[in-house]
Amino acid sequence: RVERASQKGLRELAEGQWGPALEHLRAAAGHDRRPLVHYLGAARAANELGDYAQSDALLSEAREREPDAALAVGLTQAQLQIARGDYVQARESLALLREQKPRHPQVLALLQQLYVQLEEWPELCRLLPELRKYKVLPVERLDELERLAWAAALEQAGQPAQARDEALQALNQQWQTMPNGLRGEPALVEVYAAGLARLGAEEKAEEVLQAAIRKRFDARLVELYGQVRGRDDARQLAQAEGWLKDHPDDPVLLLALGRLSVRNELWGKARDYLEASLRFEFRPQTCAELGRLLARLGEVERSNQLFQQGLGLVERNLPVAVPAARP
């Protein structure tokens with residue numbers, strides 16, 4: 001009878017038939033001398049049904065009847081708490097498990113999952129060395145997670161939700177705690193520099209971008225370099241023009257040079273750079289910049305034409321709206 005209930009319950013659990021699975025696995029657990037797998041399955045079924053009280057009660061019974069399986073029960077409880085969005089209880093469960101088994105891969109994996117769900121990026125960044133040390137995830141996945149976590153932590157720190165000076169200090173501190181090997185990653189440099197600019201530290205942002213571009217030319221960084229304002233507008237333009245030797249046909253660099261020329265009120269040079277950029281790549285940003293410049297120069301008709309062309313490019317990339325069904 002126990003074996004039959006067990007087989008039926010486990011099959012129903014795999015098939016997502018939560019009600020019958022709960023009934024059969026609970027019955028099997030009540031009559032089996034080693035009921036752990038049945039209790040864990042029944043708890044999952046109850047959790048899927050939204051009966052969280054019964055799910056917790058089944059796990060408590062599992063602890064009482066098989067005290068040597070505390071780790072398995074604790075891991076299951078944390079998994080189910082995360083699944084149902086009970087993150088406060090999940091944190092408490094995992095904190096207890098980590099005290100008992102600080103190096104256990106599944107404990108660390110669940111902590112990683114919890115931090116992602118809660119968007120607690122600094123905590124995830126601090127956990128990353130242990131995830132790597134104990135090989136919790138494949139190397140490729142861990143490398144990707146590391147970049148994403150640090151980018152999100154920098155983005156979070158660079159938001160002006162608090163006093164500007166405090167936010168700036170938090171952003172710089174986050175950057176300083178980041179592993180040296182990641183500070184040359186263009187995507188992370190971009191997030192850091194954008195945060196600096198957002199918090200009013202544009203001169204620092206320009207220095208960071210300039211140093212990074214010298215080491216590795218990257219279009220994202222070059223575009224941002226053309227938007228931030230350094231200490232000396234003319235010097236910033238000259239620095240960017242120095243990159244033209246190796247990248248004469250780069251549309252993003254030409255756009256940045258156009259923007260920097262506008263800032264220096266070099267209208268003819270700005271026009272030349274922006275028109276050259278458009279010849280290599282027709283981008284809405286470049287259309288807008290050249291359109292504004294031509295409006296300033298009194299070429300209203302050509303300016304309006306560029307704005308219309310730029311708008312057309314934007315609209316072309318918008319998702320197609322699905323018409324509402326008629327009643």
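Contact here means heavy atoms within 4.5 Å. The structure is a predicted model, in which local features need pLDDT of at least 70 and side-chain atom pairs count only at pLDDT 80 or more, while totals for chains, interfaces and linings use all residues. Residues are numbered from 1 along each chain as its sequence is written, and side-chain values use heavy atoms, with hydrogens and water left out.

The protein holds 18 helices and zero strands. Both are DSSP runs numbered from the N terminus: helices are H or I of at least four residues, strands are E of at least two. The radius of gyration, taken over C-alpha atoms, is 29 Å. The C-alpha trace spans about 90 × 55 × 35 Å along its principal axes.

Of the 327 residues, 44% are buried. Buried means under 20% relative accessible area, exposed over 50%, and partly exposed in between, with a 1.4 Å probe and protein chains only. The protein exposes about 18100 Å², and carbon and sulfur atoms supply 49% of that area. Among contacts between residues at least 6 apart in sequence, 52% join residues at least 24 apart.

Helices α4 (residues 52-65) and α5 (residues 70-83) pack at about 170 degrees, with axes 10 Å apart. This makes α4 roughly antiparallel to α5, a term for angles over 145 degrees. Axes are lines fitted to C-alpha atoms over the stretch in contact, and angles run from 0 to 180 degrees between N-to-C directions. From α4, the residues Ser-55, Asp-56, Leu-59, Ala-62 and Arg-63 meet Val-73, Gly-74, Thr-76, Gln-77 and Leu-80 of α5. By class, this contact has four nonpolar, four polar and two charged residues. Ala, Val, Leu, Ile, Met, Phe, Trp, Tyr, Cys and Pro count as nonpolar, Asp, Glu, Lys and Arg as charged, and the others, Gly among them, as polar.

Two glutamates were examined individually. Glu-190 sits in helix α11 (residues 186-198). Its relative accessible area is 27%, so Glu-190 is partly exposed. Beyond residues up to four places away in sequence, Glu-190 touches Arg-220, Leu-221 and Leu-224. Its C-alpha atom is 9.1 Å from that of Ala-151, 39 residues apart along the chain.

Glu-12 belongs to helix α1 (residues 2-15). Glu-12 counts as buried, at 6% relative accessibility. Neighbours within four places aside, Glu-12 contacts Gln-17, Pro-20, Ala-21 and His-24. The C-alpha atoms of Glu-12 and Lys-215 are separated by 58 Å.

Key
Angles under 35 degrees count as roughly parallel, over 145 as roughly antiparallel, 65 to 115 as roughly perpendicular and the rest as oblique. The radius of gyration is taken over C-alpha atoms; the globule rule is 2.2 Å times the number of residues to the power 0.38. Accessible areas come from the Shrake-Rupley method with a 1.4 Å probe; for residues, only the protein chains shown count as cover.
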